[in-house]
There are 2 protein chains.
Amino acid sequence: MTATAEQFSVRHRETLDRAVEAIRERAFWTPYPEIPKAYGEEAASAGKLAYEGYLNRRFPLAQPGTDELVGAERSPYGVDLGVTYPHPDLDVLLPAMRRAMPKWRDAGPEARAAVLIEALARLNARTHEIAHAVHHTSGQAFGMAFQAGGPHAQDRGLEAVAYAYAAQTAQVAAAEWEKPQGPKPALHMAKKFTAVPRGIGLVIGCNTFPTWNSYPGLFASLATGNAVVVKPHPNAVLPLAISVAVLRDTLAEAGFDPDLVALAVERPGEGLAKTLALRPEIRIIDYTGSTEFGVWLERNAPQAVVYTEKAGINTVVVDSVEDYKGMLGNLAFSFSLYSGQMCTTPQNIFVPREGITAAGEHKSFDDFAADLATAVDKLLGDDARANALLGAVCNPGVTDRLKQAESVGKTVLASHTVANPDYPAAEVRTPLIAAIDITDTDTYTGEWFGPISFLIAADSTDQAIETFRETVRDHGAITAAVYSTDDDTIAKTEQAALDAGVNLSVNLTGAVYVNQSAAFSDFHATGANPAANAALSDLAYVASRFRVVQSRRHI
Amino acid sequence: MTATAEQFSVRHRETLDRAVEAIRERAFWTPYPEIPKAYGEEAASAGKLAYEGYLNRRFPLAQPGTDELVGAERSPYGVDLGVTYPHPDLDVLLPAMRRAMPKWRDAGPEARAAVLIEALARLNARTHEIAHAVHHTSGQAFGMAFQAGGPHAQDRGLEAVAYAYAAQTAQVAAAEWEKPQGPKPALHMAKKFTAVPRGIGLVIGCNTFPTWNSYPGLFASLATGNAVVVKPHPNAVLPLAISVAVLRDTLAEAGFDPDLVALAVERPGEGLAKTLALRPEIRIIDYTGSTEFGVWLERNAPQAVVYTEKAGINTVVVDSVEDYKGMLGNLAFSFSLYSGQMCTTPQNIFVPREGITAAGEHKSFDDFAADLATAVDKLLGDDARANALLGAVCNPGVTDRLKQAESVGKTVLASHTVANPDYPAAEVRTPLIAAIDITDTDTYTGEWFGPISFLIAADSTDQAIETFRETVRDHGAITAAVYSTDDDTIAKTEQAALDAGVNLSVNLTGAVYVNQSAAFSDFHATGANPAANAALSDLAYVASRFRVVQSRRHI
């Protein structure tokens, strides 16, 4: 371990131990405050200034093999960022990254964890700056960009470091082995066990959660001794460029080669992710995005271990409820958050066509639909509050799907654009809700990414549960929820969730939403249905990123 | 947990805890004695009788979907076994296996471990019987068949159960989560975490180690809640048929559906492994065998997690040695054991062309070659001892390669057939050693499976180490060894082994051989070079066989 890594280790040992405890105990824990105020009085203005300092210039990143400058990010809030980034000559960059690895490998799991937790601490200190970068690339409202792009992403990074450390230290680093030989002297050997990396990891970022969805793979691969090349979505480079720069600085300061982490920004339409994925140096791939490219990666990069998060049809079964208002408010919030542009936004809401029992009263299907529409309207009635909760549409596909959804079933709630006084060009959209029938399978077995939800009339709760089981098993989902006052119904839905392999939230009526998961406690996705082949984070997410090599000799 | 599983759990809890401790500590441990005498006075004759009871009749196995009887095993020792086995109608068998899974899943990791350790205890009690079955299908000498086919295979099965249990219990089964909300009441939730299986596992057995190479995948998949269909090598069915029968009986006795495990024996030339591997129900594949089919599986069964052990070029670097006789004897034994038909037998022995220093004296390359040949001759001089150490050739490919090797380089030691008085038809072969040059890369970069080793003249030890690094990185190896009295040379070789991703044995001169690994302490293979994509066993070997699904609700 280098002297600086040693210092980092002393500084962060307690955080590492606590994180390793947290991933086992899964109670509430986080070292990174989610309230902006916690970052001090100067942080907000300093962060904004730092963000503005990047605009309309070359991003400061000195990495080998830069053959031109690229970048054309335009904020969903209507601003051109004007930042340019290095475009890589892979034949120069990747060999440089490989050369950086042996020293990082030889430093061992503890030193790597210490350096990475130091980098996370530095990223945390720059949360305001990163929040602006996430806000202006993803289209998330600033408050959400702050939490999801900052502390919650850092939580997921630290969680991956903790899992990586736990997995690499699952066996002792050195052992003595003494085998009795009856009357003869025992056989006596000394053995060493070393975690070795697979090679270079490739992290393919997404538009909507540039840091949150990239940090787990980035930190998991680094913590297990690999180098990582980060290929951001072309619309969401800046948050990852800042992250890569912080990591490179921290690594260099700790005495390691900064080329362990590099940014690979593509020329328009270049398809750099595909090129990188097929390189023999790339031995791990982390991807969030479309099912089409995810499946392509899973099948066409056999040299790599591939972790994917793809499309899904998040499902809610509504059977009966005690706190009717709580349920309506909770669902309205889940539909609205970031204008439904989350891989966790509920899409398919199964409701018995005969209606439900709400706080002891009967509510018809149409009553429920109307009440839910009213709840959304009420939640978003004030433009300022709506702008703080919704997001700017980050992709014309969302607008197209909203248009298309207008002619699906019976529109229960139409979507409209909320005026944003700060950014008049932003298209901030409210949720659309359409009522359809359970026989209309073609509609609800595909993903409608964006603020689009279907109230699906089922013959019965049992039919709803069975359809939930089958559709999620076959088409995938990241989230699922059930509302019921009946223990048997909840148990049946839990059983269906186990069969379909999806995480379930039961009777959410307060300030916990089905589309949010808490690091160190909630797993994000399961890897057990077609929406993702991995969970953030669990042992399977880290265990194949390294191998154990042993050396043994007689004593 | 069923009442019987509960009893098994009480019976085996200590073994499970000890095994979980052992995989972490990696000191010597085994619950299964490797000495035949330890099994009692009656065990030998009872085991032989039990084995003979199977011959020339239908194997007693009642599993669904049997459409005909198949089987044509002929012992490498020259005896037709005459046992027939069920051939499966997969459209009946696989659905039955799927139906068996939910109860097994719901029983939880502890109950599954308990039932499987009970099955291992029953297999252990039948070690003599299984030893005969392994002896007469693999061609291993009886003593080796006893150890490798019995207790050592059972060790590897238990090791996989321990890893599976540890991985599934890496997080608590239930947690309370309480998130502070400043002045507002805390958010308070109860969460459950359930390990769910992937589906049906497929274990594809090999001819040479029917139980040893199959038990890890078989037990790892079952312990993580999956069902497993076992497709044995057509020449080595009986040991796995007995194992499947024991597992089915134990499962049924514990109140589970015996169809959680089934045997799938193929018609001659049917290619059943390929058919099974492409079935959507198959979600895990464990394979030991040729590189060609292993790579085919890795690339053509994307619905499954695929664990493969393939061909490799096991390497020894000889630089200098203190105990010259010890080294010669150790190498001679490693070449001879089971007539080199092990995936761990050393093939490429790099030696400086200027010779080595042995116990302070110079030995030329030719001296060393002659001394090694003499050591092998001496070890195998007595036919009875030779028959106890060597094995019967299990595959005409071995004989063909021996023939071909006669014209490679300069023959240092010719192979011959040792007469076996009990089985005159058996072809029991001694090792062939040929001297070649390091420039003859075409010869030594492919696997010559069987008792064939090359002494490769290198310009220097440094060149030998560098060639070791490159050839193993590119072509794979399960084992590697170095002999040197120089600490720097050992350190350099260790570094090369880390780079190549292969386990290294240093200066083996006694009764530990490079081709043997001890469960709970030594990893078999690494997964870090082309010879295998997995190690037996580590966390990566079990972590992707299941997924965690959670359910959360407000308290």
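In which helix of chain A does A:Asn124 lie?

Modeller: A:Asn124 lies in helix H4 of chain A, residues 101–125. This is a predicted model, in which local features need pLDDT of at least 70, side-chain atom pairs count only at pLDDT 80 or more, and totals for chains, interfaces and linings use all residues. Residues are numbered from 1 along each chain as its sequence is written, chains are lettered from A and ligands numbered from 1 in the order in which they are written, and side-chain values use heavy atoms, without hydrogens or water. Helices (H or I, at least four residues) and strands (E, at least two) are DSSP runs, numbered from the N terminus.

A:Asn124 has a relative accessible area of 12%, so it is buried. Buried means under 20%, exposed means over 50%, and partly exposed is in between (1.4 Å probe, protein chains only). Contact means heavy atoms within 4.5 Å. Beyond four places in sequence, A:Asn124 is in contact with A:Tyr32, A:Pro33, A:Tyr39 and A:Gln154.

Next is helix H5 of chain A, residues 127–138, which holds A:Ala133. A:Ala133 is at 0% relative accessibility and therefore counts as buried. With residues up to four places away set aside, A:Ala133 touches A:Tyr51, A:Leu238, A:Pro239 and A:Ile242. A:Ala133 and A:Ala145 are 12 residues apart in sequence, with their C-alpha atoms 8.4 Å apart in space.

Two of those contacts, A:Leu238 and A:Pro239, lead on to helix H9 of chain A, residues 238–253. Two packed helices are described by the angle between their axes and the distance between the axes. Axes here are lines fitted to C-alpha atoms, for helices over the stretch in contact, and angles run from 0 to 180 degrees between N-to-C directions. The axis of H9(A) and that of helix H8 (residues 215–223) of chain A come within 12 Å and cross at roughly 20°. H8(A) is therefore roughly parallel to H9(A). Angles under 35 degrees count as roughly parallel, over 145 as roughly antiparallel, 65 to 115 as roughly perpendicular and the rest as oblique. The crossing of H8(A) past H9(A) is right-handed. From H8(A), the contact uses A:Tyr215, A:Leu218, A:Phe219 and A:Leu222; from H9(A), A:Leu240, A:Ser243 and A:Leu247. By class, this contact has 6 nonpolar residues, 1 polar and no charged. Ala, Val, Leu, Ile, Met, Phe, Trp, Tyr, Cys and Pro count as nonpolar, Asp, Glu, Lys and Arg as charged, and the others, Gly among them, as polar.

The axes of H5(B), residues 142–149, and H6(B), residues 151–168, come within 3 Å and cross at roughly 15°. H5(B) and H6(B) are therefore roughly parallel to each other. H5(B) contributes B:Phe146, B:Gln147, B:Ala148 and B:Gly149, and H6(B) contributes B:Pro151, B:His152 and B:Ala153. The contact of H5(B) with H6(B) has 4 nonpolar, 3 polar and no charged residues.

Back in chain A, helix H17 covers residues 461–475. At 1.5 Å a residue, its 15 residues should span 21 Å, and the end C-alpha atoms are 20 Å apart, which agrees. The expected span is 1.5 Å times one less than the number of residues. Among the buried residues of H17(A) are A:Ala464, A:Ile465, A:Phe468 and A:Arg469. The buried residues of H17(A) pack against elements of chain A including strand E19 (452–458) and helix H18 (487–500). Just after H17(A), A:Gly476 takes a positive phi of about 90°.

The backbone has other points to check. The peptide bond from A:Leu536 to A:Ser537 is cis, with omega near -25°. A:Ser537 sits in the loop between strand E21 (504–506) and helix H19 (539–543) of chain A. In chain B, B:Asn507 is not a glycine but has a positive phi of about 55°. B:Asn507 lies in the loop between strand E21 (504–506) and helix H18 (539–543) of chain B. At 24% relative accessibility, B:Asn507 counts as partly exposed. B:Phe520 is found in the loop between E21 and H18 of chain B, with a positive phi near 70°. B:Phe520 counts as buried, at 0% relative accessibility.

Terms used
A crossing is left-handed if the near helix is turned anticlockwise from the far one by less than a right angle, and right-handed if clockwise.
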